[in-house]
Amino acid sequence: MARWLERRRVEREMAAEMAVHIDERIEQLMEQGHSAEEARVQARRQFGNVTLQKENSREAWGWNGVEQLAQDVRFGCRVLAKTPAFTLTAIAVLALGIGMNTAMFSAAKAVLLSALPYPEPDRLVEVWQTTKAGAFMDASGPDFRDWRDQNRSMRLASYGGDQVSLSGDFAPRRIRIGVVSAGFFESMSVSAAIGRTFSRQEQKLGAAPVVILGYDLSQRTFGMPAQSIGKSVRLDGLAFTVIGVMPPAFDFPLRAQAWVAQELFPDPSTRSAHNYHVVGRLKAGVSVRRAQEDMNVIAARLAKAYIDDRDEGIKVVSLYDEVVGPVRPAFLILLSAVTLVLLIACVNISSLHLARGTVRAKELGLRAALGAGRARLIRQLLTEAVLLALAGGAAGLALAVAGTAVLRHSAPANIPRLENIRVDTGILFFTAFLSIGAGLLFGALPAMAGSRADVNESLKQGSGKGTAGPQSKRWGNALVVGQIGLAVVLFAGAALLLKSYWKLAHVDSGLRSSGVFIADLSWPAINGMSIDSKEVLRLSNGLLAGVGSLPGVQAAALVQPLPLSGNGANGDFEMEGRALPADPHLNPNAYYRLITSQYFDTFGIPILKGRAFEEADDRSPQQVAIVNQSFAANFFPDGDAVGKRIRFFGFDRKPEFMTVVGIVADVRALGLDKPARAEVFADYMQHAAFSPDATLVVRGPASLQAAVSAIIARLNRDTPVEFQSMDQVIAGSIARERFETSLLSLFAGFALLLAAVGIYGLLSYTVTRRTSELGIRMTLGASRPAVLWLVLSEGGRLVAGGLLLGLLCASILNSTLASLLYGVKATDPATFAIVALVFGIVAMLGCYLPARRASKIDPNVALRYE
Amino acid sequence: MKERRDLLPGTLEMLILQTLKRGALHGYAISQSIQETSHEVLQVEEGSLYPALQRLLREGWVLAEWGTSARNRRVRTYRLTPAGRKQLEREIAGFERLLAGISRVIRPVES
């Protein structure tokens, strides 16, 4: 305040001083014989610019900064408000650009940047057994125990996941459980929020079953998490006592909702049964690499000692890489793409600004004439740009909040942690920073160009429109070419992903999936424990009979596992009459699936040879199998598979030979992007004890789902049912590809639009500026088509330049996309051709509108305009 | 239009200090004095005197006090301070070095 008073005084004094100076000069001039009027003019001229001198004096005291900024902001607001069309366009473009970036960055922050929600997450690792080829496998029980006991670098625990039915004095539901070994919670360094985790006595074969619930599940089931302690619940029909509730955020592994002890279940104890994931916590100060070296020694020792471990290795991977690794490449590509979008938006506004800057040349020239220095003009123009960007950023933030909500709800299940996405303070700073950066970026060029305004030129009356120097014209062209180039890169990338996705979605899976609905079932008996195969048979038969008799059902079957559900099981087998290889790694191996008789009818899979299972098989002691085409071609190339006998080692308690009774067409059961593998179908009814889990598949109208539910409830009230259409299951299997493709397409579409607007803006402006020239041409006899062509060809050159640049960059950059593509090469010429065509058409449309306007110019009006 | 020579940056301050060496003056008198003593060669835009005076005030090289002019107007007169005197010497020394350098370039000693 004191400073302000001081400043007011100094300014008052200086104004008085200057006034006296001029008065004295006038008096002196009048004494020399000038008239009063002359003297006044002369004195003013000699004194110079009063306002500027005052400003300079203020500068001498260092008062200018804040004052000028406030002035610039006020003036900037006024200028922007005076051209609402430009301002709103620019804000909309920026809002979309910044909004997309903010939303995408929020997603990247949730997925890539945030630490895993466990104490000291850097020390957590996942340990895998590896094949000779380097593929990762789960560890076998005995191998895991050797690793755990022999390593010196970490504390290991094993775990698995499963889906089971939870029931009790409440509506039954399907839940995901973690089946975890001793030391699991210690390795994760997480303890129960309420109650406790497992004790030693509870981690034994035959111990009384206890369960730990997830926070959300206990809340949903019992209202208050604390009330769940000591309650009894049934998992797949077996009674468990609740002993603890985990903290709210804890859902490892695989979004588990409850945990049971692995030791409750018998372990096959062979080194060839790879059943367990392994997680470990590194000892303090031990690096992943040290741990890896440690495990290499153990792997070598085991390989020497056990034939099953020959040629197998061990791989230590940080848990972060394990969780995030698979989605990182796609996210980095999407992040780069969205950054490119913002860059294009900036270039776009820059070129709009540049064109407008030239229209404003007169204003800027006037300001320069009144004494504004170049730095001052640049500052003014930059202030305007940043103001614009901040407004765009604010609108963008609103868009981003909406966008993150959409992302959260459309998050495919196989993108980890995307459900945690939110706009927090970090994101706010990011957006603010981004906005100011964008403002400076798109403001810089027009500011430099605009501030160079030639005072004489811009103030000359006749030039009417204020001329753009050849330099600013060149800049404008470069901006448009760059804009098109960048947009083409994005567009080409999106086109490749789209083509890839289209191919994937239209791949012939071999299943006629439409018109089929499914429900996962888990008959009450937990895997490996208290299996009552008679009960499973009774329930399964009752279910199929009941569903089959519903009017409208064409076929119904049970299958385990459901194709394209992400689950697959494979095993080694032998063929009767053929010797097994000496090396067990070379054993024949095939995927297997348990089905009931109408499975092939339900999915419309053609039977190529032999027959499907029949009800007579279900009760026959003679075990039967059906193989797919790949299996037959692989193992019985002479076409004589039917009638042969095979035996899987891992089937049932006492595996028996199964007679092949039929050959069916291949199905891409492992994933739409993966070719069909050799596969064997066994009769579910003959192996009911093997798997109490199954998926019911029904070909019939979805309106029957309620009736199916009623049938299941009648058979067993503890079995929850949730329906899905088979098409949904298949869509779910490519959800991530759809997610990536739709995002990139959205970005590319926006980029295309921006590029078209960019070239439209530039040409419109050119046409306006050249109105009189075009008028003269027309007066001199140029036809309307000739003028149309003149403008079109100018635009065409820019479009062609941009296309060429873009396609060149795309052919280099798109190789980074290769890992995301299915059935399309990153340099697919057809795609590039289509991109060029579409882009050319859209961009030329942007050229055509101003060109047509040019050809409609009335020469009379145009010339009078001068 | 008569060609106007801009002063070298910083020279205006030096000229003001030099002018004030002969005694306290107010703004108008300072500009008159510079023009007259330079025989109208140095055309100072009169207004630019005032920002320069503010700079000198701020550095403490001149002091200002209100008084009355020859034509009986209330004016502010400026007086050189000891620090200003030292600054003037420094500036003159620097300026002479500069001039000497320039003249050696323009009229090289022929050998």
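Predicted model: local features only at pLDDT ≥ 70, side-chain atom pairs only at ≥ 80, totals over all residues.
Trainee: What pattern of helices and strands does chain B follow along the sequence?

Mentor: Chain B has four helices and three strands. Read in sequence order, these elements of chain B give the pattern α-β-α-α-β-β-α.

Trainee: Among contacts in chain B between residues at least 6 apart in sequence, what percentage join residues at least 24 apart?

Mentor: The contacts considered in chain B are those between residues at least 6 apart in sequence. Of these, the share joining residues at least 24 apart is 49%.

Trainee: How are helices α1(B) and α3(B) oriented to each other?

Mentor: Helix α1 of chain B covers residues 11-20 and helix α3 of chain B covers residues 49-59. Their axes come within 10 Å and cross at roughly 75°. Angles of 65 to 115 degrees count as roughly perpendicular. The two helices, α1(B) and α3(B), are therefore roughly perpendicular.

Trainee: Which residues make that contact between α1(B) and α3(B), and how do they divide by class?

Mentor: From α1(B) come L12(B), E13(B) and I16(B), while α3(B) supplies A52(B), L53(B), R55(B) and L56(B). By class, the residues of this contact are five nonpolar, no polar and two charged.

Trainee: Which helix gives the most to the side of chain A that touches chain B?

Mentor: Between the chains, 19 residues of chain A are in contact with 15 residues of chain B. On the chain A side, α1 (2-31), α2 (36-47) and α3 (50-60) each supply at least two residues. With nine residues, the helix that gives the most is α1(A).

Trainee: In β16(A), which residue is the bridge partner of G571(A)?

Mentor: Strand β15 of chain A (residues 570-575) pairs with strand β16 of chain A (residues 589-595) in the antiparallel sense, over three bridges. In β16(A), the partner of G571(A) is A590(A).

Trainee: Which residue in β19(A) stands opposite F573(A)?

Mentor: β15(A) also pairs with strand β19 of chain A (residues 645-648), in the antiparallel sense and over three bridges. In β19(A), the residue opposite F573(A) is F648(A).

Note on methods
Residues numbered from 1 in each chain as written. Chains lettered and ligands numbered in written order. Axes fitted to C-alpha atoms, helices over the stretch in contact; angles between N-to-C directions. Parallel < 35°, antiparallel > 145°, perpendicular 65-115°, else oblique. Contact = placed C-beta atoms within 7 Å. Nonpolar A, V, L, I, M, F, W, Y, C, P; charged D, E, K, R; others polar. Pairing = 2+ DSSP bridges.
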